[in-house]
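I opened the notebook to record what I looked up in this structure, entry by entry. I took the strands, then the domains and chains, then the core.

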Amino acid sequence: MSAVAVEKDVYRLAFDRLFDPGETGWLRERRTAAISRFVEKGFPGPRDEAWRHTPIGPLTRNRWEPAAPSAPPAAEALAALAPPEMSGLRAVLAGGRLVPELSRLDGGRGVEVQGLASALRSRPDELEPHLGRIAGDDANAFSELNTAFAVDGVVITVEPGAVLEDPLHVIHVAAPDEGSAVLSCPRLLVVAGRGSQCRVVETYLGPSGAPHLTSAVTEVVVGDNASVDHYKLQREDPGAFHVATLAARLGRDARFADRSFTLGAAIGRNDIDVRFEGEGGECRLDGLFVVDGERLSDTHSRVDHARPHCSSHEHYKGVLDGRARGVFHGVVVVRPGAQKTDASQMNRNLLLSREALVHSTPQLEILADDVKCRHGSTTGQLDPAALFYLRSRGIGETEARSLLTWAFASDIVLGLPVPALRETLTGYLRRLLPGSAILGEAVA
Amino acid sequence: MLEISNLHARAGDRDILKGLDLAVRAGEVHAIMGPNGSGKSTLAHVLAGRPGYTVTEGSVLYRGRDLLALAPEQRAREGVFLAFQYPVEIPGVSNVYFLKAALNAIRAHRGESELDAVEFLSLVGEKAKDVEIDEELVKRSVNEGFSGGEKKRNEIFQMAVLEPTLAILDETDSGLDIDALRIVAEGVNRLRAKERAMVVVTHYQRLLNYIVPDFVHVLVEGRIVRSGGKEMAFELDEKGYSWLEKEPVTSGARP
């Protein structure tokens, strides 16, 4: 028996240990199918096309133990990590499990925010059409692990026609477990009813310490004419591993936007999968990743124009220093008959060192003939002419480099309509950039 | 104020300046003229400290100090200013606030207190009016989407705000229509002062109708081959440069 097979048996055994005889039948089936597929395929390797530029050896060398129910993190520890100003509802998860003491789930108008475990007990039939179905097709190994092991999470249900003023916050904290390599499988399901409107902010935090893998899955159902703005801030510990799938299905005239900020983790991977299931849908995907040292950030996006008259626009930016690696792979599929599709994809990367590396492959697969599609990718260093121009006016080299880096990265940050998120990100980036006292005002 | 002796410089593997001598005293305006490729812009860039040039021989003293030993930002803080031939567009960086950071860096270097936002904006308003540049324009990203004339005026505007001791203008007149040229020249003339010196690099005599220099130097193949008063500019305009290219180098740059 090969070493790899032994490793996979570990996950099968862990799955059998977690068996809950009271769990609803369809879910049990989906979990069993997921663990079987995972055990069959194992973790991806360099031969898998979707992981070719994403070496995950440091991740797969660990034997991950699904997070055990454990004491919630201290409120002070959380306060130190969480965004400072959060009005409105929030759900806090530790190691993938809801922490009711730190959450504020009640009092929303037109929205229900509930723990997944609780929702599975009280209204499994309502979740059946969505949970594991949205992210079900062609799920990667990490998504399968999540489906198998996600015992808890958050379900957000927005009533038809409800317009939510305050953003809903979902905060994931890695389990504060010392010693073993812990696997957290947080799961979020957002179901936005017809004509509703909401903003959801996911924040992933992790204390330093034991090796940690977050394998997250977020599923979003955007009903006809509904609008969902999803934000994700990933600032796990620089030694952690973070692999996440975001899957969204858009109804007729639905609108979905995702803005993703990758700041933490040794390896951070985002798979984003959007499908238009009705005409007239609109989708925006924006992202910024900032990595240094030996860290890696990977974004794989796939937008499926299955229906006509839909538009999708993507803009991903990366800032890389040290020996960091970045991967962007974006696919836009325009199916036969999806006429009047308007799609664009842009990836821009800034390399702050000679050793940093980016693989960028935007792709279009167009099978309709009356469409407007464009894509592009640029990777470069700071413009030496701009650097000299600033220095020739008296600005120090360090400050000039910081100023140009900030100018490259800041547009997506400053445009954020969620103040708590904007301030957190601005503060983080300023601390990252040396001599940043001059940055405050100098960005147009 | 500025003493350049036997300056040799190369860009990449090409020798461009080949023994250039020039002395500029406070209060003087010197025009450097010459054909394309004679080394005019290289001289301006070497003085400002642009990376990519290597000085292989000679020296440059600025107020008695070795200018070439200073980083570009140190030169700026010591009062050297280069008006670029091709001002750089910097998307995302606010023109006016980057200028505030620059001015405060210079002031800190001089041991002066920083200007606050109110003081600075009133200075900006005054200087923008002087160089007839739209105040909204100077608040946008540095040179982004500016017309050629607006870029040059922005250079003069920055110069007016920073009030350098030694201003080097690298073909600031090129590509300007007569109205823009007049505005640029007025901006320069307004800064003329007995404690300040200017080196005006130009390809065309036309500018010198507006900025009347104290001295004119002709740069050919990396050396100053002729120096004279402002009348020489008219002579050059009539005859061109070719008759000078064959001439032996006159001794000393100072007439």
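**Entry 1: the sheet of chain A**

I began with a pair of strands in this predicted model: strand 17 (residues 311–320) and strand 19 (residues 342–351) of chain A run parallel to each other and are joined by ten bridges. Looking for one residue pair within it, I noted that A:His315 has A:Met346 in strand 19 of chain A as its bridge partner.

A:His309, in the loop between strand 16 (296–305) and strand 17 of chain A, has a positive phi of about 60° although it is not a glycine. A:Lys340, in the loop between strand 18 (325–334) and strand 19 of chain A, likewise has a positive phi, near 65°, and is not a glycine either.

**Entry 2: helices and domains of chain A**

The domain assignment of chain A places residues 3–278 in domain 1 and residues 384–444 in domain 2. Their contact is made by twelve residues from domain 1 and ten residues from domain 2 of chain A. On the domain 1 side, strand 9 (197–205), strand 11 (227–235) and strand 13 (255–262) of chain A each give two or more residues, and I sorted that side by class into nine nonpolar, three charged and no polar residues.

**Entry 3: chain A against chain B**

I found 23 residues of chain A in contact with 27 residues of chain B. On the chain A side, helix 8 (384–391) and helix 9 (397–414) each supply at least two residues, and helix 8 of chain A has the largest share, with seven residues. By class, I listed 14 nonpolar, four polar and five charged residues on that side.

In chain B I looked up an open, mixed sheet of six strands in the order 6-9-10-3-11-12. Strand 6 (80–83) and strand 12 (223–228) of chain B each have a single partner strand, so one side of each is left without a neighbour in the sheet. Strand 3 (residues 29–33) and strand 10 (residues 197–202) of chain B run parallel, joined by five bridges, and B:Ala31 stands opposite B:Val200.

Last, I turned to the largest nonpolar core, which has 201 residues, with A:Val154, A:Val190, A:Val222 and B:Ile168 making the most contacts inside it. Domain 1 and domain 2 of chain A each contribute at least three residues to this core. Setting aside residues up to four places away in sequence, I found that B:Ile168 touches several residues, among them B:Ala44, B:Leu47, B:Phe81 and B:Val199.

Key
Residues are numbered from 1 along each chain as its sequence is written. Chains are lettered from A and ligands numbered from 1 in the order in which they are written. This is a predicted model: local features need pLDDT of at least 70, side-chain atom pairs count only at pLDDT 80 or more; totals for chains, interfaces and linings use all residues. Domain bounds come from an automatic or database domain assignment. Two residues are in contact if their C-beta atoms, placed from the backbone, lie within 7 Å. Helices (H or I, at least four residues) and strands (E, at least two) are DSSP runs, numbered from the N terminus. Ala, Val, Leu, Ile, Met, Phe, Trp, Tyr, Cys and Pro count as nonpolar, Asp, Glu, Lys and Arg as charged, and the others, Gly among them, as polar. Two strands pair if DSSP finds at least two bridges between them. A nonpolar core is a set of buried Ala, Val, Leu, Ile, Met, Phe, Trp, Tyr and Cys residues joined through C-beta atoms within 7 Å. A residue is buried if 20 or more other C-beta atoms lie within 10 Å of its own, exposed if 12 or fewer, and partly exposed in between; C-beta atoms are placed from the backbone.
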